[in-house]
Amino acid sequence: MKHLYTLGIYFYGLGIRLASLFNEKARLWINGRKRWASRLEKAFLPNDKIAWFHAASLGEFEQGRPLIEAFRQEFPQYKILLTFFSPSGYEIRKNYAQADYICYLPLDTPANAKKFLQIVKPDYAFFIKYEFWFHFLKELKTRNTKTFLVSGIFRPSQHFFKSWGNWFREGLQAFTHFFVQTKTAENLLKSIEFRNVSVSGDTRFDRVLSIAAQAKDIPLMDEFKDDKKLIIVGSSWPEDEKIIQKFWEANKGICKIVVAPHEIAPSHLAQIQALFGSEMLFYSKANTENIHSCEILVIDSIGMLSSLYKYGDMALIGGGFGKGIHNILEAATFGLPVCFGPNFGKFEEAKALVAQQGAFPIQNAQDFQNIVVNLFENSTHLEQTKTICKKFVQENAGATKAILDFLHLLR
């Protein structure tokens, strides 16, 4: 199995290299890893004490961010190394000020893992959510490095829990402790004889509370909303935008709408403009004079969404008609009831909030309309649902403190 895995990694790298000839993201993936060892050698001094945090992409980074920042404050003697697997994380957060050095994780080959850890020699290693690179894990175990999984999530379908999964389970032996999100994940690990596990929850709850506390004022939003109900469409994809367009056609005047697309490439923005026509306005072109004349505001820049939610009354979160939903907690922490498409089964927070009736899965525009009308025409119900969402986030915070408390005891 080890040889098959390693061969698969080499072929994966070759595939990315071929894709880089015509794909920009693949090109970033390849170019970002060039001369990684020589650059890493220059990043730290020989006697530096290093804590290594690894995130697959941007979402996992945001999940681990509360722990990174709290660790830096609690253990200032450590330099922080932050690695990403995907360009969509590295390219956006490569200038993150709370890390001392940020780079791509080299491909998980035996030689790369050995070289990487020979250079870094971390005292601590943190993998966020579900990154399991087995040659790196093997080297960490060989070096007796204190290694942790943060906000981990496990499912019965994973290799670890199959009858033929012995080799994959060996990789898990590298972890000093598993901090998991759910009791289900804890029970799955215990079913394969891993007892070094605790249910600490999801550090994203800590992150969104911090984001809410730092939310920026956007004066134009007060003028745009103009005392009307406001729906925030967050991280939307074309299918989500079609839902909101159909809803709008049937319910003009019931509210105002902000669309913050997941991708702001010119081609996608052109599609949105074609969908909504003259009733929409791009934020980059908005001012105090023309913002009153539009009913749909389209955000054509990044970095605003988390602050936009504080102006909303409910949210439609994108991705649920594709691979999976985007972050619903940023909306929920402001008390926004959230809707999303049907593909949310891998997201524990979504399932939990649906069970508490603070979130509502939809199949089509009619479902969305029914939910909006039900909430907007019953102010008591709307306020009760907002309270459910705020309380849900507040009650699930605290994972960062639980992990730090464990680290203090470990020292």
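This is a predicted model: local features need pLDDT of at least 70, side-chain atom pairs count only at pLDDT 80 or more; totals for chains, interfaces and linings use all residues.
Modeller: Local features need pLDDT of at least 70, side-chain atom pairs count only at pLDDT 80 or more, and totals for chains, interfaces and linings use all residues. Residues are numbered from 1 along each chain as its sequence is written, and side-chain values use heavy atoms, with hydrogens and water left out.

Colleague: Why is H12 called roughly parallel to H13?

Modeller: The axes of H12 (residues 238–250) and H13 (residues 266–276) come within 10 Å and cross at roughly 15°. Angles under 35 degrees count as roughly parallel, so H12 is roughly parallel to H13.

Colleague: Which residues make the contact of H12 and H13?

Modeller: Contact means heavy atoms within 4.5 Å. Pro238, Glu241, Lys242, Ile244 and Gln245 of H12 meet His268, Gln271, Ile272, Leu275 and Phe276 of H13. These residues divide into 5 nonpolar, 3 polar and 2 charged; Ala, Val, Leu, Ile, Met, Phe, Trp, Tyr, Cys and Pro count as nonpolar, Asp, Glu, Lys and Arg as charged, and the others, Gly among them, as polar.

Colleague: What makes a space a cavity?

Modeller: On a 1 Å grid over the protein atoms alone, a cavity is a set of points where a 1.4 Å probe fits but cannot get out; lining residues have an atom within 4 Å of a point. The search finds 2 cavities of 30 Å³ or more.

Colleague: Which residues line the second largest cavity?

Modeller: Lys129, Ile153, Gln181, Arg204, Lys346, Phe347, Glu348 and Glu349 line the second largest cavity. By class, its lining has 2 nonpolar, 1 polar and 5 charged residues.

Conventions
Axes are lines fitted to C-alpha atoms, for helices over the stretch in contact, and angles run from 0 to 180 degrees between N-to-C directions. Helices (H or I, at least four residues) and strands (E, at least two) are DSSP runs, numbered from the N terminus. Angles under 35 degrees count as roughly parallel, over 145 as roughly antiparallel, 65 to 115 as roughly perpendicular and the rest as oblique. On a 1 Å grid over the protein atoms alone, a cavity is a set of points where a 1.4 Å probe fits but cannot get out, and a pocket is an open set with protein on both sides within 12 Å along at least five of seven lines; lining residues have an atom within 4 Å of a point. Grid points are joined across faces, edges and corners, and a volume is the space filled by probe spheres set on the points.
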